[in-house]
Amino acid sequence: MEAREQVVVGLLLSVAGSLLGTWVGKSVYGSPELNLLAAILGALVPAMLPQVLPKGRSRPLIVVVVVVVAVLVTYTTVTTANFAESSAATFPIPPGVSAPDAGAPGIEVTPDPVVCAGVGSCGLVIIRSTGSEALRVDAIEFADPGEERFSFDDRCADQTLVPAAECSFEVMLTAADPEGAGVAELLINQNLPGGPTSVTLRGEVPAGPGIVVTPNPVVCAGLGSCGSVTIRSTGFEALRVDAIEFADPGEERFSFDDRCANQTLAPAATSAPAAECSFEVTYERAGPQGSAETELLINQNLPGGPTSVTLRGEVPAGPGIVVTPNPVVCAGLGSCGSVTIRSTGFEALRVDAIEFADPGEERFSFDDRCANQTLAPAATSAPAAECSFEVTYERAGPQGSAETELLINQNLPGGPTRVVLRGSA
């Protein structure tokens, strides 16, 4: 090989070695200075091999030139990529030049404020990672260390959430103030500048009896069960539930059981969890356009008349689909439970292939018992036709969590139904 060709080959090997050295430096969390040293050493090693560059008195000079050029190529290439991607600088930035804007973590907490309508569960608080870098959630604590009216579980503490991942924890109102109200501040410590994220907790317990009905409205996606409706006592006095009835005495499209009628629920301020009662609503018959709406009246001992609950039945004119749960949250490796596909339309639902959006997905798996199935129309099937399959979290991602998307191909316009799978180890 001629000397000139040998120098060119040696330069290419040195550039490759310099890039490899840079990658190794970053992998062990080297500082920009250490990354630059690793790049120099990576370029120097191949240049020093006796068979790489020409022999002779000029060899030391050739080695120096090749190493310098290789490092300059690496520095320019990597630094340009840092600026283009707004990522942290890999190498030291020359004086007078602003470093690239690195990605940063972000946080969103919902709901805020958290309103507790009575003693017992106030529901879930969701922490979502909204930045381009991982969000590190450290301790979660009350601003007042002596706070005793509220409590919360610690399932989100000491968690790392990759971008777009989320975590939820439950807040409880354990004791109401004598006036029926209470306010506290919850602090979520994380790796953002500016200190912890503050969430306001409010306990609101009426002086007399109180009531909360969930859900309201009740949405029935297809014929059959619409799920449970829960009546909860939220006041300082007992809640008396009398008759439950339709606002329209002739209503025949919906029905409900009467297990909560003529019940007395204990005061919320003396009951933890708050006293409650649940009953089931059923969508019996669709309206001419596939939908129906009515009003349910819960008579009780509050001033102002009965509590009104809206019932809505929605049956699509063509095929329809509802997938529950969505997202599917896997709390640890192994089974994530069943995913249910339900036919909710006036025409049969054809479920074709079920597949990952990423063909190379290996962290999750699922069985194919619902693929290539036809589910009867909801309007002719009570309970609505459905099919279930199991999802498994096989292997955690580098940060202990993973997220992917499952596609359920079916005969609805608009493409496949998307189901998010989230795993946390």
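User: Which residue stands opposite Val 323 in S21?
Analyst: In this predicted model, Val 323 stands opposite Ile 341 of strand S21.

User: How many bridges join strand S19 to strand S21, and which way do they run?
Analyst: Strand S19 (residues 321-324) and strand S21 (residues 334-343) are joined by four bridges. The two strands run antiparallel.

User: And how many bridges join S21 to S25?
Analyst: There are eight bridges between S21 and S25, and these strands also run antiparallel.

User: Which residue in S25 is the bridge partner of Gly 334?
Analyst: Gly 334 has Tyr 393 of S25 as its bridge partner.

User: Changing topic to aromatics: how many aromatic pairs does the structure hold?
Analyst: The structure holds nine aromatic pairs. One of them is formed by Phe 356 and Phe 366, whose ring centres are 5.2 Å apart.

User: Why is the pair of Phe 356 and Phe 366 edge-to-face?
Analyst: The planes of the two rings stand at 75 degrees, so the pair is classed as edge-to-face; the cut-off for that class is over 60 degrees.

User: Where in the chain do Phe 356 and Phe 366 lie?
Analyst: Phe 356 belongs to strand S22 (residues 349-356) and Phe 366 to strand S23 (residues 364-366). The pair links distant parts of the chain, 10 residues apart.

User: Is Phe 356 buried or exposed? And what about Phe 366?
Analyst: Phe 356 counts as buried, because its relative accessibility is 15% and the cut-off is under 20%. Phe 366 has 22% relative accessibility and therefore counts as partly exposed.

User: What is the geometry of the rings of Phe 366 and Phe 389?
Analyst: Their centres are 6.2 Å apart and their planes are at 65 degrees, so this pair is edge-to-face. Phe 366 lies in strand S23 and Phe 389 in strand S25 (residues 386-393), so the contact ties together parts that are 23 residues apart in sequence. Phe 389 counts as buried, because its relative accessibility is 0%.

User: Which residues form one aromatic cluster with Phe 142?
Analyst: Phe 152 and Phe 169 form one aromatic cluster together with Phe 142.

User: Now the surface: which residues make the nonpolar patch of about 460 Å²?
Analyst: That patch is made by Leu 34, Leu 37, Leu 41, Leu 44 and Met 48.

User: Where is Leu 44 found, and why does Leu 44 count as partly exposed?
Analyst: Leu 44 is found in helix H2, which covers residues 32-48. Its relative accessibility is 32%, so Leu 44 counts as partly exposed.

Methods: Residues are numbered from 1 along each chain as its sequence is written. This is a predicted model: local features need pLDDT of at least 70, side-chain atom pairs count only at pLDDT 80 or more; totals for chains, interfaces and linings use all residues. Side-chain values use heavy atoms; hydrogens and water are left out. Rings of Phe, Tyr and Trp (its six-membered ring) pair if their centres lie within 6.5 Å; planes under 30 degrees apart count as stacked, over 60 as edge-to-face and the rest as tilted. Buried means under 20% relative accessible area, exposed over 50%, partly exposed in between (1.4 Å probe, protein chains only). Patches are made of residues with over 30% relative accessible area and no salt bridge: like charges are joined within 9 Å, nonpolar side chains (Val, Leu, Ile, Met, Phe, Trp, Tyr) within 5 Å. Accessible areas come from the Shrake-Rupley method with a 1.4 Å probe; for residues, only the protein chains shown count as cover. A salt bridge is a side-chain nitrogen of Lys or Arg within 4 Å of a carboxyl oxygen of Asp or Glu. Two strands pair if DSSP finds at least two bridges between them.
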